[in-house]
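User: I have a chain open here and want a quick tour. Can you walk me through it?
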Amino acid sequence: MWAWMEKHAGEFDVIHGHNAFTALNPYARKAAKLHRKPLVFHTHGYLDPVLFGANNWKGVIKRLYFRFFERPNYQSANLLVALHPGEEEQIRAVGLRVSVAVIPNGVPLPEAVSPEEIAEFRQKFEVQPHEKILLYLGRLNAKKGIHVLLEAWAKVQARFPNWRLAIAGNPGQAPAYAAKLRDLESKHGLSSRLIWTGFLNEKEKRGAFGASEVFSHVSQSEGMSISILEAMSHGLPTLVSPHCNMGVAAKAGALVEVPYSTEGVAAGIVSLLSNDDERKRLRNTSIAHIKSHHNWNQIALDTVAAYPVSP
């Protein structure tokens, strides 16, 4: 990688890094200095205090790596890009004194999911005609709070006999955590109320979004989740935690934000599953919010406008 960048980075106008805690950022820094090119980094939630400030071995390693390796990379940049206002605060909290542009992630607006795609998904996972789906789709990782979602579902599922919770994600990415989730399923007797889809390809994801009525992503830490934006772009009423950093959407009434706790998530599930009118309202407002705030055309223009000129 460095051999290529040393030779070719001078052919470009800006060097823009999207990684952290890897060798790619020092390569970008070296290439920018060598070729006298502007240097930009996305921090992508890597400085979230929930993870960066954690009192465990991962948190300690991240803080040490940041102090001795990553901080010089970020501090040498001409611009840092934050996904939301809170991330700009995180950048300042670790003492970085670099220009910051706040530019959110974007998603394309999808074509409508066809009845055939929906039927294929429902048939594959044996969803009955009268059943509705509450969906989680993303990585099976402890920070995603899937265990909190399962505990919350266990508390309220008896009130919604026509609903099932679908967990879409690859258990092979985190086998120990996947086993913990299965233990919760067994503990609460949820086998008939859960759907485990495993990994879904892009076509299958469309079927999942189209077949579902509500989306949940109550994470412990996020930069700005593409899964959340994709669900909203499909018009799914969406439940998130404050750690998902979707405060702008929450203030706009485009999704529902609940505390990151079993009780908070359970209350959010009840509020959405029991209110058809609210789900209908959110279907419209979520799509409108994606169009106005996460449109790739506008994000591209904002990014180009924020780019520094050559030093």
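Analyst: Happy to. One caution: this is a predicted model. Start with the surface. The chain exposes about 14900 Å², and carbon and sulfur atoms supply 54% of that.

User: What about charge, how many positive and negative side chains?
Analyst: There are 35 positive and 28 negative side chains. The centres of the two sets lie 6 Å apart.

User: How many helices and strands?
Analyst: The chain has 14 helices and 10 strands. Its radius of gyration is 21 Å, close to the 19 Å the globule rule gives for 311 residues, so the chain is as compact as a globular protein of that length. The C-alpha trace spans about 65 × 40 × 35 Å along its principal axes.

User: What share of the residues is buried?
Analyst: 49% of the 311 residues count as buried.

User: Now the inside. Which residues touch the most other members of the largest nonpolar core?
Analyst: Leu149, Trp153, Leu165, Leu239, Val265, Ile269 and Leu273. That core has 32 residues.

User: Which one gives the most?
Analyst: H7, with 7 residues.

User: Zoom in on Leu165. What does it touch?
Analyst: Leaving out residues up to four places away in sequence, Leu165 touches Leu134, Leu149, Leu150, Trp153, Arg193, Leu194 and Ile195. There is also a second, separate core of 29 residues. Phe125, Phe215, Leu229 and Ala254 are among its members.

User: Leu229 is in H10, I think. How many residues of H10 are buried?
Analyst: 7 of its 8, so to speak: helix H10 (residues 226–233) is mostly covered. The buried ones are Ser227, Ile228, Leu229, Glu230, Ala231, Met232 and Ser233.

User: And what covers them?
Analyst: The cover includes strands E5, E8 (214–217) and E9 (238–240). Helices H9 (202–211), H11 (247–251) and H13 (276–293) are also part of it.

User: Is Asn245 buried or exposed?
Analyst: Buried, because its relative accessibility is 17% and the cut-off for buried is under 20%.

User: What about Arg36, what is its phi?
Analyst: Near 55 degrees, also a positive value. Arg36 sits in the loop between helix H2 (24–35) and strand E2 (39–42). Arg36 is exposed, at 55% relative accessible area.

Methods
Residues are numbered from 1 along each chain as its sequence is written. This is a predicted model: local features need pLDDT of at least 70, side-chain atom pairs count only at pLDDT 80 or more; totals for chains, interfaces and linings use all residues. Side-chain values use heavy atoms; hydrogens and water are left out. Helices (H or I, at least four residues) and strands (E, at least two) are DSSP runs, numbered from the N terminus. The radius of gyration is taken over C-alpha atoms; the globule rule is 2.2 Å times the number of residues to the power 0.38. Buried means under 20% relative accessible area, exposed over 50%, partly exposed in between (1.4 Å probe, protein chains only). Accessible areas come from the Shrake-Rupley method with a 1.4 Å probe; for residues, only the protein chains shown count as cover. Lys and Arg count as positive and Asp and Glu as negative; His and the chain ends are not counted. The place of a charge is taken as NZ of Lys, CZ of Arg, CG of Asp or CD of Glu. A nonpolar core is a set of buried Ala, Val, Leu, Ile, Met, Phe, Trp, Tyr and Cys residues joined through side-chain atoms within 4.5 Å. Contact means heavy atoms within 4.5 Å.
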